[in-house]
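Work through the following exercises with the sequence and the model side by side. Try each task before reading its solution.

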Amino acid sequence: MSINDSGRLQSTDRQMTRKLQDAITTCIVLSHKGILSSQTVFTSRGQEPIAVCLTPLIADSAENNGVLAELFSFDPSLEPDQERLQTLFHCTPTEAAVAGLLAQGLSASDVAERKQISIHTARQHIKSLLAKNGYRKQTELVSMLVRALA
């Protein structure tokens with residue numbers, strides 16, 4: 001990851017650069033509408049997974065709105081601290097396990113497959129995590145999970 005000559009975040013992988021730019025644009029466009037919605041983009045550098053958490057920043061004038069980009073690397077072989085997740089996100093051990101997988105960039109269907117549960121059950125755990133923590137969108141939850149586990 002680097003900053004190009006025009007001040008934009010980029011990757012050596014063109015597809016990843018596109019994903020980053022799309023997520024940044026989404027944050028900014030939504031912020032102009034008064035919607036503050038974080039985005040998280042997952043990639044890897046070699047074998048090292050990286051999460052890029054994008055948080056909208058509001059300026060006095062909407063045309064000056066921006067995005068805070070935080071990069072987190074993590075070792076996927078290390079299990080997330082389940083007790084910490086339970087404490088921080090007020091959840092059950094099963095919900096904490098689902099949260100840990102979400103923080104690693106897995107989708108609801110990936111979580112269901114990994115945990116050998118139905119997609120409906122995985123989504124119910126995610127909905128419960130959202131409700132217990134006051135988030136409206138899974139992307140907001142994932143951003144906070146990544147930050148909590150970094």
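The expected span of a helix is 1.5 Å times one less than its number of residues, and helices (H or I, at least four residues) and strands (E, at least two) are DSSP runs, numbered from the N terminus. The model is predicted, so that local features need pLDDT of at least 70 and side-chain atom pairs count only at pLDDT 80 or more, while totals for chains, interfaces and linings use all residues. Residues are numbered from 1 along each chain as its sequence is written, and side-chain values use heavy atoms, with hydrogens and water left out.

**Exercise 1.** Find how far helix α1 reaches from its first C-alpha to its last, and compare this with the expected value.

*Solution.* Begin with the extent of α1, which covers residues 14–32 and has 19 residues. Next, take the reach from the first C-alpha to the last, which is 27 Å and close to the 27 Å expected at 1.5 Å a residue. Then look at the side of burial (buried means under 20% relative accessible area, exposed over 50%, partly exposed in between, with a 1.4 Å probe and protein chains only): the buried residues in α1 are M16, T17, L20, Q21, A23, I24, C27, L30 and S31. Finally, G34 follows α1 and has a positive phi, near 80°.

**Exercise 2.** Determine how helices α3 and α4 pack, and which residues meet.

*Solution.* First, α3 (residues 93–103) and α4 (residues 108–115) pack at an angle of about 125°, with their axes 10 Å apart; axes are lines fitted to C-alpha atoms, for helices over the stretch in contact, and angles run from 0 to 180 degrees between N-to-C directions. Angles under 35 degrees count as roughly parallel, over 145 as roughly antiparallel, 65 to 115 as roughly perpendicular and the rest as oblique, and α3 and α4 are therefore oblique to each other. Last, A97, V98, L101 and L102 in α3 meet V111, R114 and K115 in α4, where contact means heavy atoms within 4.5 Å.

**Exercise 3.** Describe the phi of H90 and of Q116, and decide whether each residue is buried or exposed.

*Solution.* Start from the background that most residues other than glycine have a negative phi. H90, which is not a glycine, has a positive phi of about 50°, and its place is in the loop between α2 (82–89) and α3. Because its relative accessibility is 54%, H90 counts as exposed. Q116, also not a glycine, has a positive phi near 55° and is found in the loop between α4 and α5 (119–133). With 73% relative accessibility, Q116 counts as exposed.
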